[in-house]
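Here's a quick tour of a strand with its neighbours and of a pair of helices. Have the structure open while you read.

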Amino acid sequence: MNFTSDNAAPAHPAIIEALARANVGHAASYGADAMMERVTARLRDVFEAPDAAVHLVATGTAANALALACLCPPWATIFCHRQAHIEEDEGGAPEFFTAGAKLTLVDGPDARIDPDRLDASMAHANRLGVHNIQRGALSITNVTEAGSVYTSEQVARLADIAKRWNLPVHMDGARFANALVATGATPAEMTWKAGVDALSFGGTKNGLLGVEAVILFDPEKSWEFELRRKRGGHLFSKHRYLSAQMDAYLTDDLWMDLARAANARAADLARGITDAGARLLHPADANMIFAEWPRAAHRALRDAGAKYYFWPGDHSLDGPDEAPLAARLVCGWCTTETEVGEFLAAMKTSPAIA
Ligand SMILES: Cc1ncc(COP(=O)(O)O)c(C=O)c1O
């Protein structure tokens, strides 16, 4: 019963098998391996983007920061949601890799950028010319940090605003597969057809050991990305082990199947906890649930061995039995129906739950 994070989940066995297969003999280093060619071809195919450039890195932070550095100069600002991972959880990496670009925070419910506020924020920027930070790029996270999902139409609406100012658009897709299967959009509809120029295509949270692809729909930035990745210390010498993971991830739509499984378990869990009296704090659109319920039920769950984070993390279990406490529950590709069932059974043992 571990709902702490999709990062806490193991890698899928098919990925480990692919690594074992790749671990034979010599292979060209630094991304020149034959498997990387196949990965590029497969992603171009998946995204219906025959010219897209594809590069692999081992962390989502590197994917985001390097992609944004290619899109936004040091004297400009990246518009993003106040709760964006690039703002809250990347230790200043986007600012560091862009050599000082700023982040301009935009609000909106459920961690989705509100289009009117984005419009106003972009219009307000750079009103004094040389004295102001310049408009640089827009970054959208899908699945959002609150577990909600943007439809491709919602992405297009935000991207249209950015395009009015000639700004490139980045998508943090650490959970891109989960967003995609939640909406039914095609990869192309969710990205370049909606105006996205660069995608951090996540794999780590969805069954890989540690690989994210940066997909540049405009290949003109490809060489710059390569130079920045090397300079930033993110070019793997034994790159075949990154390629092998991504290759297996894309084989027979494994990436979609794993995301479907995680989303389905989260839907079961969300339904079960709301039936038991918990209150959802955000729409549980994909594989993350934010909800609150009485402390007594949290205690019962802890006693039963359930693991998850209070959210925000500085919350304490101390307090009256009936006082609500917020939590984040994340389902991964490996979350089972049994685990969900056990969690719901433990929740219902508490008399404090309505
Ligand atoms: C929305 C989002 N973006 C990016 C990342 C990638 O972070 P990391 O650098 O830990 O792989 C995460 C991981 O928590 C995330 O939730």
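Is the crossing of H3 and H10 left-handed or right-handed? It's right-handed. Bear in mind that this is a predicted model.

## Where the two helices cross

Let's start with the geometry. Helix H3 covers residues 60-71 and helix H10 covers residues 222-231; their axes come within 10 Å and cross at roughly 130 degrees. Oblique is the word for H3 relative to H10 because of that angle.

Who touches whom? On the H3 side, the contact uses Leu 66, Ala 67, Ala 69 and Cys 70. These meet Glu 224, Phe 225, Arg 228 and Arg 229 of H10. Sort the residues of this contact by type and you get five nonpolar, three charged and no polar.

## A strand under cover

Now over to strand S2, which runs through residues 76-81.

## Partners of S2

S2 pairs with strand S3 (residues 102-106) in the parallel sense, over five bridges. If you want a spot to look at, find Ile 78, which stands opposite Leu 103 in S3.

S2 also pairs with strand S4 (residues 134-141), again in the parallel sense, and here the pairing runs over four bridges. For this one, look for Phe 79: its bridge partner in S4 is Leu 138.

Methods
Residues are numbered from 1 along each chain as its sequence is written. This is a predicted model: local features need pLDDT of at least 70, side-chain atom pairs count only at pLDDT 80 or more; totals for chains, interfaces and linings use all residues. Side-chain values use heavy atoms; hydrogens and water are left out. Buried means under 20% relative accessible area, exposed over 50%, partly exposed in between (1.4 Å probe, protein chains only). Two strands pair if DSSP finds at least two bridges between them. Axes are lines fitted to C-alpha atoms, for helices over the stretch in contact, and angles run from 0 to 180 degrees between N-to-C directions. Angles under 35 degrees count as roughly parallel, over 145 as roughly antiparallel, 65 to 115 as roughly perpendicular and the rest as oblique. A crossing is left-handed if the near helix is turned anticlockwise from the far one by less than a right angle, and right-handed if clockwise. Contact means heavy atoms within 4.5 Å. Ala, Val, Leu, Ile, Met, Phe, Trp, Tyr, Cys and Pro count as nonpolar, Asp, Glu, Lys and Arg as charged, and the others, Gly among them, as polar.
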